[in-house]
Number of protein chains: 2
Amino acid sequence: MTNKLPNWLNAKGHQNDIVISSRVRLARNIDEYMFPRNMTRLEKEKLLESLKDIIETPEFNQELGKMTLIRLEEATPIERQYLLEKHLISPDMLEKYPSTGIVLGLDESISILVNEEDHLRIQSFFSGLNLEDAYIIADKIDDVLEKFYQYSYHEQYGYLTSCPSNVGTGIRFSVMMHLPALAMNGGLEKISQGLKKEGFVIRGFFGEGSKAYGDLYQISNQFTIGVKETEIMLSLNSKINDIIELEKESRSKLFLEQELHIKDMIFRAYGNLKYALILSAKEGMNDISLLRLGLERGMKFDQDLSYQQLNNLIVLAQPAGLQKYFAKTMEPEERDGKRPQLFQEILKIGGNK
Amino acid sequence: MTNKLPNWLNAKGHQNDIVISSRVRLARNIDEYMFPRNMTRLEKEKLLESLKDIIETPEFNQELGKMTLIRLEEATPIERQYLLEKHLISPDMLEKYPSTGIVLGLDESISILVNEEDHLRIQSFFSGLNLEDAYIIADKIDDVLEKFYQYSYHEQYGYLTSCPSNVGTGIRFSVMMHLPALAMNGGLEKISQGLKKEGFVIRGFFGEGSKAYGDLYQISNQFTIGVKETEIMLSLNSKINDIIELEKESRSKLFLEQELHIKDMIFRAYGNLKYALILSAKEGMNDISLLRLGLERGMKFDQDLSYQQLNNLIVLAQPAGLQKYFAKTMEPEERDGKRPQLFQEILKIGGNK
């Protein structure tokens, strides 16, 4: 079981100051099996076994490199939780994990969920704004798998899926963005309404409601039928670029009109992370959001900070991420007492103790 | 007009970890004048003039050293406010300053208010717990002045004063204490009730209500009639020692039962003062209170802190103190933006700006 951080946190992609990552997911089902909800355990195991064989074929390896199947029931609860925190599996899979699995590429930028809501969910992540490459890679995985399986496909409707909302292309594009200024000035409300009208949806990456903690938001398409993949992609890409512009304008306005106030918040966040002895994931994420904003605005700190450090903390600050980092099982209270050390080590800061 | 900080902040007295200062005040009136509220401006000026002459006599100087008369109407509003913040004049005098004055000793540990509620209010401050020396000095000033004036004195009642509550010895002992643990655990409520029964009163040094900001409290006697000065003094001294014990026990308990939580608060206060760009006097005082507590509990900070630095900030953090420190008139908002620099300079800390 891998401890490493996914490649899409590395902050090496386009527009990394505002876009954390881009993701494409394809939902596919296989003709010879019932939909997962109607499959027996035996059939699910059979599908898992067939995947295990496929990923070891030269044909597969030549195209997609070395990938590993992880059976979720062989993973510990913390390992499953960590996969969830890295957004590799769905929350559902924390409970319905028997006879499910994930096929993971070496750098975790590609993966295939097996026996989740659909038989196969092909996933491709890229750092920054890069839906096109994410789509190309997902499409490639799709092509390779199609050599081994007969997909459930309907001439008129397209790919058939468990949930009608995925029927058609079965594709979901998602972009994770850092939008602190639009969250502060209330601009997200209007953006959300505009996106909805065109078939897109914006959701907090952490927490529910309009003010997601850490100011991280995921924007994705809601519908997959009746439109070509590339059309959805281009349309979403254009929306994302609009939001980037709005966020940048909001940041400029914020720093123009309330410079001292916002810098005060940002420096205090730095002080908090440097000196706190108890830190919740939520508070940590909110501080990271402020530091990210300060970094983008050219603010200097006692220690230089990088987007990569800050991105890594998005995952590591979570309950399982923290426990994996320290290789130790901890109860919530103990985690809050250990989290400052994580932040201080990753950011290379740390005050008097 | 002096810019310097009063000597009683120097943290060189007894029990300085918990007691900031001890103060004695004697209310005296002079037979040949009406009580101040009935005096004409001319009479008040006559009294001020007589004081001015007295403090220049060899007899006075030999006993009490060099003292200076400041006429409050010749001082600026900020200077009057600063005298109030140093607890040298009363809040009343900010408005009713015409023809009032204060005779100040070089280190501001002794002073005489003129034409306040009574003709003369002799004041003596000492650092730490030292009511006895404060009383000896006040008594000495009293003796010296009595050579020049005939006090209003009644065989049966004692010294006569404007307000009946001061009739008798005319003495008020006050001790300023730092009681963060008793403020946190609610112990002050019981202490307040106990003190009241024995004729003492506890008040927040800043702000009203039971939770004074900065956790600074003044304890003083309410009555001055029918008891000898030394009896009041010994009784108050014994109460103060009891409260010191209770505070220390509360601190030990706090650090035993909630060590991580309280240290987290204290280190965060340090981080706040180091990195904030906007700081209210109230927030600053609350952070100072936590650092004072940490210092007493042996906590180490990136920069060594001293009680004297922390005490000085009690006065300098206030509106006039801050403006005197920077020798600049500032509106409230500007002060909040300048206050972090004051704290960082006094404490010799200061983060990235």
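## A bridge between chains

Arg268(B) and Glu283(A) form a salt bridge, with their closest N and O atoms 2.7 Å apart. The term means a side-chain nitrogen of Lys or Arg within 4 Å of a carboxyl oxygen of Asp or Glu. Between chain B and chain A, the count is two salt bridges.

## About the model

This is a predicted model, in which local features need pLDDT of at least 70, side-chain atom pairs count only at pLDDT 80 or more, and totals for chains, interfaces and linings use all residues. Residues are numbered from 1 along each chain as its sequence is written, chains are lettered from A and ligands numbered from 1 in the order in which they are written, and side-chain values use heavy atoms, leaving out hydrogens and water.

Chain A has a mean pLDDT (the predictor's confidence in each residue, from 0 to 100) of 93, with 97% of its residues at 70 or more. For the complex, the predictor gives an ipTM of 0.88 and a pTM of 0.91.

## Where the chains meet

Chain B and chain A each bring 23 residues to the contact, which means heavy atoms within 4.5 Å. About 1,900 Å² is buried between chain B and chain A, and carbon and sulfur atoms give 57% of that area. Buried area is the accessible area (1.4 Å probe) that two parts lose on being put together, summed over both.
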